[in-house]
Amino acid sequence: MTTPQPPGGPDELPIRDDMIRLGQALKLANLAEDGAHARGLVEDGQVSVNGEVETRRGRQLHPGDVVSAGGASVRITAGG
């Protein structure tokens, strides 16, 4: 579901609304297999938002935010 970007840059994850929760974004971007996997990644400190470790699965993400997990990154964009 993500759109490939040039090497080294994050993929884009377009969203319909103004906001998406971190756990939902991880699943939608295929950075987590399911909700339980997303929860585990976040609780273990393996997810960062805009370069900072994030431990709240319910964190609100907005267009422009960059989420990283497992060596992959996605940038939240408007218009999904």
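This report walks through a predicted protein model, from its overall layout to one helix and a few backbone details.

The model is predicted, so local features are taken up at pLDDT of at least 70 and side-chain atom pairs at pLDDT 80 or more, while totals for chains, interfaces and linings use all residues. Residues are numbered from 1 along each chain as its sequence is written, and side-chain values use heavy atoms, with hydrogens and water left out.

**Confidence and layout**

Let's start with confidence: pLDDT is the predictor's confidence in each residue, from 0 to 100. The mean pLDDT of the protein is 90, with 89% of its residues at 70 or more. Residues 1–6 are another matter, as pLDDT stays under 50 there. For that stretch the model has twelve contacts beyond four places in sequence, a contact being heavy atoms within 4.5 Å.

The protein has two helices and seven strands, arranged along the sequence as β-β-α-α-β-β-β-β-β. Helices (H or I, at least four residues) and strands (E, at least two) are DSSP runs, numbered from the N terminus. Among contacts with a separation of 6 or more, 48% join residues 24 or more positions apart. Of the 80 residues, 32% count as buried; buried means under 20% relative accessible area, exposed over 50%, and partly exposed in between (1.4 Å probe, protein chains only).

**Helix H2 and its surroundings**

Which residues of helix H2 are buried? In H2, which spans residues 35–43, they are Ala 38, Leu 41 and Val 42. Seen down the helix axis, these buried residues fall within an arc of 95 degrees, so they line one face of H2. The arc is taken from the directions from the helix axis to the C-beta atoms. As background, an α-helix has 3.6 residues a turn, so residues three or four places apart point the same way. The cover over the buried residues of H2 includes helix H1 (22–28) and strand E3 (47–49).

**Positive phi angles**

Most residues other than glycine have a negative phi.

| Residue | Phi |
|---|---|
| Gly 45 | about 75 degrees |
| Asn 30 | about 60 degrees |
| Asn 50 | about 55 degrees |

Asn 30 sits in the loop between H1 and H2 and counts as exposed at 58% relative accessibility. Asn 50 belongs to the loop between E3 and strand E4 (52–53); at 41% relative accessibility, Asn 50 is partly exposed.
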